[in-house]
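I set out to record how one chain of this model is built. My entries follow the order in which I looked things up.

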Amino acid sequence: MKTPSSAFALVVDDDADTLLLVGEIFKIAGYSALTADNYETAVALLAQNPAVILLDVVMPHDLCNRLVAHLASMGSSVPVLLMSSMAPAQLEIERRLLVSAGVFAPTVLHKPFWVDALLSALSEALPSGSSDLALL
Amino acid sequence: MSGFIVALCSLLPKDARLLEIVLTRAPGRKHEFKLVNGAEAGCADIAIVDADKGESSDLKRISADSAGLVSIFISDSGTAGHGEHRIARKSLVLHCFRLLESVADAKLRGDLGEPAKVQAPAAIETPKAEAPQPGLTLSALVVDDSAAVRTQLEVTLKRLGLNVDTAQHAEEALNTLRSRRYDLVFLDVVMPGMNGYDLCRQVRALPSGRYVPVVMLTSRTSPFDRARGALAGCDTYLTKPVAVKDFYAAVHKALTKRYTADELSARSYRRII
């Protein structure tokens with residue numbers, strides 16, 4: 001586990017392509033992305049206050065539900081983006097379950113997502129930021 | 001859909017994988033790109049080369065066997081390599097797909113040599129970037145649903161010597177751009193109907209919009225919005241409120257990408273610093 005920078009995103013997923021793509025997008029936007037594929041690592045990184053959490057819904061060992069329970073218990077206000085290839089309606093139900101548990105889950109990402117969909121969701125979750133990034 | 005063979009020469013495994021992911025997921029693909037390992041490729045239509053690794057022997061070999069090969073160079077700085085197609089590594093995800101599509105379009109038009117193989121080209125309807133026409137005043141199109149913003153930009157741009165047309169929404173802008181060319185286009189992001197990102201993509205698909213500098217001017221300050229602008233093909237992304245001197249600097253930078261100083265002064269442009 002790397003030491004997080006001041007603005008970092010926590011990505012909890014077991015899909016290598018998603019981790020690679022998401023990591024690159026965060027780097028472009030000036031964030032670092034740290035990944036976790038197990039409960040203990042994820043909880044340790046959560047304690048360091050990530051700016052946003054990308055959370056895959058379907059993972060081994062009930063990881064998603066356990067992390068959601070942890071976030072709810074700590075009263076976290078960090079935005080959580082749920083990701084999954086499940087049917088859109090089902091994913092929306094999952095998002096509402098998070099919201100009803102007290103977790104801030106503003107939007108979802110349907111896998112496999114195109115870069116623009118990821119940027120759009122992240123813009124919704126993190127609507128303001130530094131304007132001095134040289135991307136163009 | 002036309003197919004192109006893309007040889008990856010000396011790319012880092014991560015960059016090669018990213019290209020594969022992006023090309024697999026990109027929506028509305030006009031062309032099919034088959035990625036092949038440069039070390040094993042015979043001939044190819046396009047080569048993507050890691051310019052930070054020095055001269056690529058694979059590129060040399062493929063070039064010798066491929067008529068009209070177009071090379072795209074990736075580097076940390078975005079300036080290494082030769083030729084016009086160069087991408088900074090950090091923005092590979094944002095720019096590689098549009099650049100590949102653009103190169104493929106140009107190859108089909110015959111601008112960059114014949115496509116090495118596969119299907120016949122689609123009907124050619126797009127001209128190359130037009131040379132500036134001396135004596136004509138520079139013109140800008142401002143697209144914003146706010147009358148106050150349109151007026152403010154119009155007044156500011158006229159001070160620089162530009163003629164200004166305005167559009168209230170995307171459809172009006174596209175109709176205008178189908179009938180005439182501009183030297184500069186300003187786009188709002190949040191508008192009723194089509195947003196500025198989608199409009200920018202459509203502008204880039206028009207013959208008159210492929211090369212025009214596009215400036216996005218918006219109150220959305222998320223770095224992810226800025227990246228969306230880059231992905232859509234805008235040249236400059238300004239966040240409101242923008243200081244007038246920053247606005248003038250952005251206009252000057254956009255115009256000097258396309259015109260020389262002499263061409264600008266011949267077209268009544270007055271630089272304000």
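Entry 1. I began in β5(B), where B:Ala88 is the bridge partner of B:Ser75. Strands here are DSSP runs of E with at least two residues, helices are runs of H or I with at least four, and both are numbered from the N terminus. I noted that β4 (residues 70-75) of chain B pairs with β5(B) in the parallel sense over 3 bridges; two strands pair if DSSP finds at least two bridges between them.

Entry 2. I recorded the basis of the model. It is predicted: local features need pLDDT of at least 70, and side-chain atom pairs count only at pLDDT 80 or more, while totals for chains, interfaces and linings use all residues. Residues are numbered from 1 along each chain as its sequence is written, and chains are lettered from A and ligands numbered from 1 in the order in which they are written.

Entry 3. I then followed the sheet that holds this pair. In chain B, 5 strands form an open sheet with parallel pairing, in the order β2-β1-β3-β4-β5. Its edge strands, each pairing on one side only, are β2 (31-37) and β5 (86-88) of chain B. From one strand to the next, the twist averages 25 degrees. I found α1(B) packed on this sheet, touching β1 (2-9), β2, β3 (46-50) and β4 of chain B, with its direction at about 160 degrees to that of β2(B). Contact requires C-beta atoms, placed from the backbone, within 7 Å. Axes are lines fitted to C-alpha atoms, for helices over the stretch in contact, and angles run from 0 to 180 degrees between N-to-C directions.

Entry 4. I turned to another sheet of chain B, in which 5 strands lie in the order β7-β6-β8-β9-β10; this sheet is open and its pairing is parallel. Here β7 (163-167) and β10 of chain B are the edge strands, and the twist averages 20 degrees from one strand to the next. Strand β6 (residues 139-143) of chain B pairs with β7(B) over 5 bridges, and I saw B:Ala140 opposite B:Val164.

Entry 5. I looked up the domains: chain B has domain 1 (2-109) and domain 2 (139-266), with bounds from an automatic or database domain assignment. Their centres, taken over C-alpha atoms, are 29 Å apart.

Entry 6. Finally, I examined the contact between the chains, which takes 27 residues from chain B and 26 residues from chain A. On the side of chain B that touches chain A, α7(B) gives the most, with 8 residues.

Notes:
Contact = placed C-beta atoms within 7 Å.
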